[in-house]
Amino acid sequence: MGILDGKKCIVTGATGGVGRAVVEEFLNEGAYVVAGARRIAVLEELANGWRKRFSPDRVHTEFLDVSDEKSVSSLVEKVLKLFGKIDAVVNVAGYVLEPELWNKRLAETSAEEIFAVMNVDVIGSFLMVKHAVKSMKKQKAGVFINFSSTPAITGYDRGLAYTLAKSAIIGLTKHIAWEYGRHGIRAYTLALGSIETEPSVKWLSKGEYEMLARESPLGRWGRPEEVAAVAAFLCSDKPSFVNGQTIVIDGGAVLY
Ligand SMILES: NC(=O)c1ccc[n+]([C@@H]2O[C@H](COP(=O)([O-])OP(=O)(O)OC[C@H]3O[C@@H](n4cnc5c(N)ncnc54)[C@H](OP(=O)(O)O)[C@@H]3O)[C@@H](O)[C@H]2O)c1
């Protein structure tokens, strides 16, 4: 028995480091998963591996561009045709970490750069909620998980485009909690610290990597599976009276 036995879930950003770990954890816990991303060849390769380890009827893939409303609505329609319901949507998809943009000061940042990140992180998550929530309302149950980052809580002196987008995500989650709580729908934000995925570490020097590890009392980077385990728990029926909260996954660096 898994904590997500029989649940029908959508995971966006499934080709990324965290997204693929979420898909695996959800399959481990008994869920049926529709995994979405734009790099469909990468997604199919991952899915072939998952189908060997888990029952193939529980693994589905779809092209998804979260910033395109037609792509989102078409995915949601397909999932409803396939499963008849949606129990959880995990909005992992996020604008790729570009070192140059991450290091920019406010005065160097353009409005276009802010729009670009917002378009994927905020508009993308909003569109997923907008289209999936209708069926959740009918079934009077459902869970949304949105992805933020610790600078949205503490503030930071660089990377404003990312901080703005990840701050808006926290507002989106709180809005879902208030507007749809009475329909039995819960929402959570996961605010990640340093989680070891390819795009988060590949541009760091050894010294920078080690310095970021030391930011947390646990003295190390987090693993994608450690994020996925929290997401699985939140999408299960266990935290049934927790709603709208931001859960920080950073080894304890940000305590508030
Ligand atoms: N790793 C960290 O340390 C860290 C820290 C704080 C917050 N986060 C957040 O955690 C989430 C996962 O991070 P990660 O490290 O796993 O990042 P990642 O490896 O870069 O994965 C990002 C995912 O988003 C997808 N994506 C990007 N634009 C998309 C679009 N328009 N439509 C659909 N999918 C899109 C990418 O897939 P395709 O390119 O195939 O579409 C990819 O699967 C992100 O939201 C990130 O901002 C991560």
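Let me begin with the ground rules. What we have is a predicted model, in which local features need pLDDT of at least 70 and side-chain atom pairs count only at pLDDT 80 or more, while totals for chains, interfaces and linings use all residues. Residues are numbered from 1 along each chain as its sequence is written.

Along the principal axes, the C-alpha atoms fill a box of roughly 45 × 40 × 35 Å. Buried residues make up 45% of the 256, and here a residue is buried if 20 or more other C-beta atoms, placed from the backbone, lie within 10 Å of its own, exposed if 12 or fewer, and partly exposed in between.

Now to the ligand, which is surrounded by 29 residues, the closest being Gly13, Gly16, Arg38, Arg39 and Gly94; a residue counts as near if its C-beta atom, placed from the backbone, lies within 6 Å. Two or more shell residues come from each of helix H1 (17-28), helix H5 (111-139), strand S5 (142-149) and helix H8 (198-201), and H1 gives the most, with three residues. By type, the shell divides into 13 nonpolar, 13 polar and three charged residues, with Ala, Val, Leu, Ile, Met, Phe, Trp, Tyr, Cys and Pro taken as nonpolar, Asp, Glu, Lys and Arg as charged, and the others, Gly among them, as polar.

Ser125 counts as buried because it has 29 C-beta neighbours inside 10 Å.

Ile169 and Leu172 are also among the buried residues of H7. That helix covers residues 160-180 and reaches 30 Å from its first C-alpha to its last, close to the 30 Å expected at 1.5 Å a residue, the expected span being 1.5 Å times one less than the number of residues. The buried residues of H7 pack against helix H4 (99-102), H5, S5, helix H6 (151-154) and strand S6 (185-192).

Turning to S6, eight of its eight residues are buried, with Ile185, Ala187, Thr189 and Ala191 on one side and Arg186, Tyr188, Leu190 and Leu192 on the other. S6 runs parallel to S5, joined by eight bridges, and parallel to strand S7 (residues 246-249), joined by four; strands pair if DSSP finds at least two bridges between them. Ser148 has Ala191 of S6 as its bridge partner, and Thr189 has Thr246 of S7.

Lastly, Lys140 sits in the loop between H5 and S5 and has a positive phi of about 55° although it is not a glycine. Most residues other than glycine have a negative phi. Lys140 counts as exposed because it has 10 C-beta neighbours inside 10 Å.

Technical notes
Two residues are in contact if their C-beta atoms, placed from the backbone, lie within 7 Å.
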